[in-house]
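Student: Hey, I'm new to this one. Can you walk me through it?

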Amino acid sequence: MHIHYISEQNSILNHFLAQIRDVSIQKDSMRFRKNIERIGEIMAYELSKTLDYKAIDVQTPLGIKHTTTVAEPVVLCSILRAGLALHTGFMNFFDDAENGFVSAYRHHYNNDDKFEILVEYQAAPSFEGKNLILIDPMLATGQSIVAVLHKLHLEQKPKEIHIAVVIAAPEGIAYLEENLPKNCHLWVAALDEKLNEKNYIIPGLGDAGDLAYGSKL
């Protein structure tokens, strides 16, 4: 797996990452969503540098300009519900992309810390020969991302698979490396220390879905 850590060099990205972690700032759900969206925009820009481009001619009012555009279409696919704000950031840059949405959640079948990932809903276009970008803010165990990619029927063979996460734990990265094709790209805005006994990222930021959209039953 090709792993891209995009916060290693100081930039405004680290400012937004600090704000989504701050317990006093993250109480403002609108600001939290906006900061996640901004992070998505930065990640989309960095990811765009690795795509293939083709030459095109553009007619201007005064002549012809030789330039480039993305060679293959892009499909943005988010894991509900936490991925929605990050998805918006990517969509702001890949504004002509097709869009897909998949649900995935931890089902604690014995009401303890053990869980399985349930994927119960998907609405996604074909991504045969396209650039598939799977979007999820938090990479904890990695099980949700693997389950979603299996649900999306990877026999469609996208040209490239890019996975974009805001915060990742080392355990989740290792799980993806063991269970996904070697040619996948993983984009990480911030790498954290570890998972705790409940498989939450430390220091992390809490539940991204709840912070963005309110607590759930």
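Predicted model: local features only at pLDDT ≥ 70, side-chain atom pairs only at ≥ 80, totals over all residues.

Student: Got it. Switching to helices: how do helix 1 and helix 2 cross?

Tutor: Helix 1 covers residues 12-21, and helix 2 covers residues 29-48. Their axes come within 9 Å and cross at roughly 150 degrees. Helix 1 and helix 2 are therefore roughly antiparallel to each other, since the cut-off for that label is an angle over 145 degrees. The crossing of helix 1 past helix 2 is left-handed.

Student: Which residues make that contact?

Tutor: From helix 1 you have I12, L13, F16, L17, Q19 and I20, and from helix 2 there's R31, F32, N35, I36, R38, I39 and I42. Sorted by class, the contact of helix 1 with helix 2 has nine nonpolar, two polar and two charged residues.

Student: What about helix 2 and helix 3, at what angle do they cross?

Tutor: Roughly 45 degrees, with the axes coming within 7 Å; helix 3 is residues 84-93. That makes helix 2 and helix 3 oblique to each other. Helix 2 passes helix 3 in a right-handed crossing.

Student: And who's touching whom there?

Tutor: Helix 2 brings R33, I36, E37, I39, G40, E41, M43, A44, Y45 and L47, while helix 3 brings A85, L86, T88, G89, F90, N92 and F93. By class, the contact of helix 2 with helix 3 comes to ten nonpolar, four polar and three charged residues.

Student: How far apart are the axes of helix 4 and helix 5?

Tutor: They're 9 Å apart, and the two helices pack at an angle of about 30 degrees. That makes helix 4 roughly parallel to helix 5. In this pair, Q143, I145, V146 and H150 of helix 4 meet Y175, L176 and N179 of helix 5. The contact of helix 4 with helix 5 has four nonpolar, three polar and no charged residues.

Student: Which residues are buried in helix 4?

Tutor: S144, I145, V146, V148 and L149 are buried there; helix 4 spans residues 143-151. Just after helix 4, H153 takes a positive phi of about 60 degrees.

Student: Let's do loops. Where is D136?

Tutor: D136 is in the loop between strand 7 (131-135) and strand 8 (138-139). At 10% relative accessibility, D136 counts as buried.

Student: What does D136 touch?

Tutor: Leaving out residues up to four places away in sequence, D136 touches I79, L86, I145, A164, V165 and V166.

Student: Last one: is E8 buried or exposed?

Tutor: Exposed, at 66% relative accessibility. E8 lies in the loop between strand 1 (2-5) and helix 1. The C-alpha atoms of E8 and A189 are separated by 8.7 Å, with the two residues 181 residues apart along the chain.

Definitions and conventions. Residues numbered from 1 in each chain as written. Heavy atoms only, no water. Axes fitted to C-alpha atoms, helices over the stretch in contact; angles between N-to-C directions. Helix = DSSP H or I, 4+ residues; strand = E, 2+ residues; numbered from the N terminus. Parallel < 35°, antiparallel > 145°, perpendicular 65-115°, else oblique. Left-handed = near helix turned anticlockwise from the far one by under 90°. Contact = heavy atoms within 4.5 Å. Nonpolar A, V, L, I, M, F, W, Y, C, P; charged D, E, K, R; others polar. Buried < 20%, exposed > 50% of the residue type's maximum accessible area, 1.4 Å probe, protein only.
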